[in-house]
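Here is a quick tour of a protein model, written for someone who likes to know the cut-offs. Have the coordinates open as you read.

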Amino acid sequence: MKNYFFLLLLVFFLGFISKELLNTEELVINSLAEQLTTKQIEKALNFQQKWEWIAYLLLPLLLIIKISIIALILDVGCFFFDKEIKYKKLFNIVTKADFVFLGVMILKTIWFYVFQQDYTLENLQYFYPLSALNIVGYEGLQTWFIYPFQVINLFEFAYWFILASLISKELKTTTSKGFSIVASSYGVALLIWVVGVMFFTLNMS
């Protein structure tokens, strides 16, 4: 759990730095100004500030749920390949691999703070560094296609590689075997998740 708490600490720290440097609250106000009156905006901000502490409580819970589910999925993958890794070790492997996604927060903050200083809330929401979405752009793209293009990114590929390498090391087998386990378990689950998000977005739009 030591790696988990260190990861959580970095997520909180980078999230705070990003929020301060990118003035996200001001972007939210500018976005709401197009739809609401000043009084309505004040009420919305007061509500947000009043319940902001819930987000800080939910983040550790959501992170541990995410890691636990992925570890469980990989456990099933190991079972189908007639391999066995203790769940506690799989949890630790997933936690270590998850550090790679901190790079998304860092690059996103650097990009908008240094290179693209004139940006909107929409730019911030849809930007995903080193992803397919940055190549095709989100303008003119169907809303339900945005998430899949975000998922196709170099950080996700690095995540797969780290998972495969750590699993292979634990099983004392080749990286290709570890990659097969990751692809047939986590990869399938990710595909189902992406399709589910696409379906939900399509029905909501």
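Predicted model: local features only at pLDDT ≥ 70, side-chain atom pairs only at ≥ 80, totals over all residues.

## Ground rules

Residues are numbered from 1 along each chain as its sequence is written, and side-chain values use heavy atoms, with hydrogens and water left out.

## The fold at a glance

The protein chain has eleven helices and zero strands. Read from the N terminus, the element order is simply α-α-α-α-α-α-α-α-α-α-α. Helices here are DSSP runs of H or I with at least four residues, strands are runs of E with at least two, and numbering starts at the N terminus.

Of the 205 residues in the protein chain, 32% are buried. For that label, buried means under 20% relative accessible area, exposed means over 50%, and partly exposed is in between, with a 1.4 Å probe and protein chains only. Among contacts with a separation of 6 or more, 66% are between residues 24 or more positions apart; a contact means heavy atoms within 4.5 Å. The accessible surface of the chain is about 13,200 Å², and carbon and sulfur atoms own 67% of that. Those areas come from the Shrake-Rupley method with a 1.4 Å probe, and for residues only the protein chains shown count as cover.

Leu21, Ile106, Leu107, Ile110, Trp111, Tyr113, Val114, Phe115, Leu130, Ile152, Leu154 and Phe157 make a nonpolar surface patch of about 1,100 Å².

Which helix gives the most to the nonpolar patch? That's α6, with seven residues. Both α6 (102-115) and α10 (154-171) supply at least two residues each. Leu21 sits in helix α1 (residues 2-22), and it counts as partly exposed because its relative accessibility is 33%.

## Rings meeting rings

There are 13 aromatic pairs by the rule used here. Rings of Phe, Tyr and Trp (its six-membered ring) pair if their centres lie within 6.5 Å; planes under 30 degrees apart are stacked, over 60 edge-to-face, and the rest tilted. Trp111 and Phe115 form a tilted pair, 5.4 Å centre to centre with 35 degrees between the planes. These two are about one helical turn apart, because they are four residues apart in helix α6. Trp111 is partly exposed at 35% relative accessible area, while Phe115 is exposed at 59%.

Then there's Trp160 with Tyr186: their ring centres are 5.8 Å apart and the planes are at 70 degrees, so the pair is edge-to-face. Trp160 is in helix α10 and Tyr186 in helix α11 (residues 175-204), so this pair ties together parts 26 residues apart in sequence. Both residues are buried. Ring pairs also link Trp160 and Tyr186 into a cluster with Phe101, Tyr159 and Phe179.

## A threonine in α5

Thr95 is found in helix α5 (residues 87-98). Is Thr95 buried or exposed? It counts as buried, because its relative accessibility is 1%. A polar atom of the Thr95 side chain lies 2.8 Å from the backbone oxygen of Phe91. Leaving aside residues up to four places away in sequence, Thr95 touches Asn3, Tyr4, Leu7 and Ile67.

## Two charged pairs

Side chains of opposite charge can pair when their charged atoms come close. A search of the whole structure finds two salt bridges, each defined as a side-chain nitrogen of Lys or Arg within 4 Å of a carboxyl oxygen of Asp or Glu.

Asp98 and Lys66 meet in one of them, at 3.0 Å from N to O. This pair links distant parts of the chain, with Asp98 in helix α5 and Lys66 in helix α4 (residues 52-80), 32 residues apart. Asp98 is buried at 5% relative accessible area, whereas Lys66 is partly exposed at 33%.

Lys89 and Glu170 also meet in a salt bridge, at 3.2 Å from N to O. Here Lys89 is in helix α5 and Glu170 in helix α10, 81 residues apart. Lys89 is partly exposed at 41% relative accessible area, and Glu170 is partly exposed at 31%.

Conventions: Patch = residues over 30% accessible without salt bridge, like charges linked within 9 Å, V, L, I, M, F, W, Y side chains within 5 Å. Polar contact = N/O pair within 3.5 Å; in protein donor to acceptor, adjacent residues only side chain to side chain.
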